[in-house]
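I open this notebook to record what I looked up in one model.

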Amino acid sequence: MPTLLGKRIVTAVIGIPITVYIINYGTWIFAAAAALLALVAWHEFFKMMAVKNIKVHYLTGFLGVLLVLGCAWLGNAQEFIMVILLLVLVPMVKTVLCHKNYGLVEAAVTLLGTLYVSLPFSHLLLLRFTEPNQYIPTALGSLAAGAAYLWLAFVGTWASDTLAYFVGSTLGRHKLCPAISPGKTYEGAAGGLVGSIMGITAMGMLFGLPAIHTFVLGLLVGIAAPLGDLTESALKRFAGVKDSGRLLPGHGGVLDRFDAIMFATPVVYYYVKVFIIV
């Protein structure tokens, strides 16, 4: 049987080239990939809640995820507000029509799960298609600005996760949040913060971005990424499951792999929108 590390290496060898192509190419391929991942993440959330016998309304979440991502890609603010309104009202109406087996708890968890999945994944689209007509010259050729910004989020998160693991496993002594994730330590968190700053700063040098902005982004991503990880750990602990799914060998499910990205991407997006850093 292959080891966990072996499974992770195989998944990375297959997944990284695909990820590079999809992010850099963009267009409808990226939008479709983001939507597919979000729908799988919703399915994982639904299955976790089923373990707790919470009857989440699957169709509401499924359509809600598609509509929110659709608004992020092609829609406008009014359409987005309409979708959010429907996501609030439909579960509430269901508590009236199906009051014998669907109550406020089910409605609240349906809404929470739909927003938890759809809003962060929609920011993948918002960030990737930021400044669609602007390109950044790099040592490897011209790159769409949105793709460069998205790489900041991904590389910062990966660097944070990697260095946090190695520092935590070798130097970790003081537990960060033992009630939620017993393996995480303050030392690992500090290592992850340094890793995020180093990773994003290095990418910023490759893209020719101002050092002050990439340093601040590294700091922010280094804080946001582990919070996303801990949030999903709390969700799994509530449901009593080890992994959110089994889609990615060695990594678990989509939520397991993208939990940190789900928090890091909005941070990068809004920083870029406030301080256009090209």
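**Entry 1. Ground rules.** I note that this is a predicted model, in which local features need pLDDT of at least 70 and side-chain atom pairs count only at pLDDT 80 or more, while totals for chains, interfaces and linings use all residues. Residues are numbered from 1 along each chain as its sequence is written, and side-chain values use heavy atoms, with hydrogens and water left out.

Entry 2. I took helices (H or I, at least four residues) and strands (E, at least two) as DSSP runs numbered from the N terminus. I then listed the buried residues of α2, and they are F30, A31, A34, A35, A38, L39, A41, W42, E44, F45, M48 and M49. Here buried means under 20% relative accessible area, exposed means over 50%, and partly exposed lies in between (1.4 Å probe, protein chains only). An α-helix has 3.6 residues a turn, so residues three or four places apart point the same way.

**Entry 3. The ends of α2.** T27 lies in helix α2, and its phi is near 50 degrees, a positive value in a residue other than glycine. T27 is partly exposed, at 37% relative accessible area. After α2 comes N53, whose phi is also positive, near 60 degrees.

**Entry 4. α2 against α3.** At what angle do α2 and α3 pack? I found about 155 degrees between helix α2 (residues 27-51) and helix α3 (residues 58-74), with the axes 10 Å apart. The axes are lines fitted to C-alpha atoms, for helices over the stretch in contact, and angles run from 0 to 180 degrees between N-to-C directions. Angles under 35 degrees count as roughly parallel, over 145 as roughly antiparallel, 65 to 115 as roughly perpendicular and the rest as oblique. The two helices are therefore roughly antiparallel to each other. On the α2 side, the contact (heavy atoms within 4.5 Å) is made by W28, A31, A34, A35, A38, L39, W42, H43 and F46. On the α3 side I recorded Y58, G61, F62, V65, L66, L69 and W73. These residues divide into 14 nonpolar, two polar and no charged. In this scheme Ala, Val, Leu, Ile, Met, Phe, Trp, Tyr, Cys and Pro are nonpolar, Asp, Glu, Lys and Arg are charged, and the others, Gly among them, are polar.

**Entry 5. V155.** V155 is found in helix α6 (residues 145-171). Is V155 buried or exposed? At 18% relative accessibility, V155 counts as buried. Not counting residues up to four places away in sequence, V155 touches G199 and M203. V155 and M203 are 48 residues apart in sequence, yet 7.8 Å apart in space, C-alpha to C-alpha.

**Entry 6. T185.** T185 belongs to strand β4 (residues 181-185) and is buried, with a relative accessible area of 5%. Leaving aside neighbours within four places in sequence, T185 is in contact with G168, G172, R173, H174, K175 and L176.

**Entry 7. E131.** I located E131 in the loop between α5 (104-128) and β1 (135-138). E131 has a positive phi of about 50 degrees although it is not a glycine, and it is partly exposed at 31% relative accessible area.
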